[in-house]
Amino acid sequence: MRLLAISGSLRSGSYNSALLDAAEAEIPADVEFVLWRDLAAIPAFNEDLERAPPPSVMSLRREIARSDALLIATPEYNRSVPGALKNALDWVSRPFATNALRNKPVAVVGASQSLFGAVWAQAELRKILATIGARVQDRDLPVAQAHEAFTEGRLRDPRLAARLRVIVAALVDSAEQRAA
Ligand code: FNR
């Protein structure tokens, strides 16, 4: 099984990327964890380009299509999803009927430096993914005060670490059920 991980942050020291590292530590040995790193290469969506999408978009669609499940860690910008991540998902959502996310098991987590742990961004991202047709897990992981949340590549708070394990296990489960 192949799990594709996407961080919605372009920042080199991103806490959301750190959250994906913490998730990787919870992945069963027989699951391949692949971190997609090309968010910065996706140009602004333009319907005029839909017939011949840029190579970076085709590559993202292929990466999603060949993966069994997706884990997305989103920052929160102005109580919503960062534009770069939303833009990439707009590209992936086309053509709507056959898009690469349709029926794909997806889980959303998020970290922010505030007390709320990107809860609004995660809720909005789940709404976007459900609209696109993904099988979105109805759970979130609000990692608040992210600048203090990690130690040695893992979540410091054992309750959050346990919740992350549940999310990863449910995602793997959902992908296995879909494959069966
Ligand atoms: C933020 N940040 C932020 N945090 C939050 O909890 N709610 C918010 O609405 C916002 N809004 C916001 C807007 C913009 C433009 C920036 C740059 C930042 C702070 C944000 O949580 C913080 O920068 C995180 O560290 C971003 O995630 P990464 O890059 O660490 O993954």
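**Ligand site, pockets and cavity**

An oxygen atom of the ligand lies 2.8 Å from an N or O atom in the side chain of Ser114, a polar contact being a pair of N or O atoms within 3.5 Å; within protein, one atom must be able to donate a hydrogen and the other to accept it, and residues adjacent in sequence count only if both atoms are side-chain atoms. Taken alone, the ligand exposes 620 Å², of which the protein buries 71% (Shrake-Rupley method, 1.4 Å probe; for residues, only the protein chains shown count as cover). The model is predicted: local features need pLDDT of at least 70 and side-chain atom pairs count only at pLDDT 80 or more, whereas totals for chains, interfaces and linings use all residues. Residues are numbered from 1 along each chain as its sequence is written, and side-chain values use heavy atoms, with hydrogens and water left out.

An oxygen atom of the ligand is 2.6 Å from an N or O atom in the side chain of Ser14. For Arg79, a polar backbone atom is 2.7 Å from a ligand oxygen atom. Ser14 and Arg79 are also among the closest of the 13 residues that surround the ligand, together with Ser9, Arg11 and Asn16 (a residue is near a molecule or strand if one of its heavy atoms lies within 4 Å of it). The shell comprises 3 nonpolar, 7 polar and 3 charged residues; Ala, Val, Leu, Ile, Met, Phe, Trp, Tyr, Cys and Pro count as nonpolar, Asp, Glu, Lys and Arg as charged, and the others, Gly among them, as polar.

The ligand sits in the largest pocket (more than half of its atoms lie within 2 Å of the grid points). On a 1 Å grid over the protein atoms alone, a pocket is an open set of points with protein on both sides within 12 Å along at least five of seven lines, a cavity is a set where a 1.4 Å probe fits but cannot get out, and lining residues have an atom within 4 Å of a point. This largest pocket holds about 220 Å³ of space. Its lining has 14 residues, with Pro75, Glu76, Ala111, Ser112 and Gln113 closest to the centre. By class, 5 are nonpolar, 6 polar and 3 charged.

The second largest pocket holds about 170 Å³. Its lining includes Ser9, Trp36 and Leu39.

The whole structure contains 1 cavity of 30 Å³ or more. The largest cavity has a volume of about 40 Å³ (the space filled by probe spheres set on grid points, which are joined across faces, edges and corners). Its lining has 7 nonpolar residues and no polar or charged ones.
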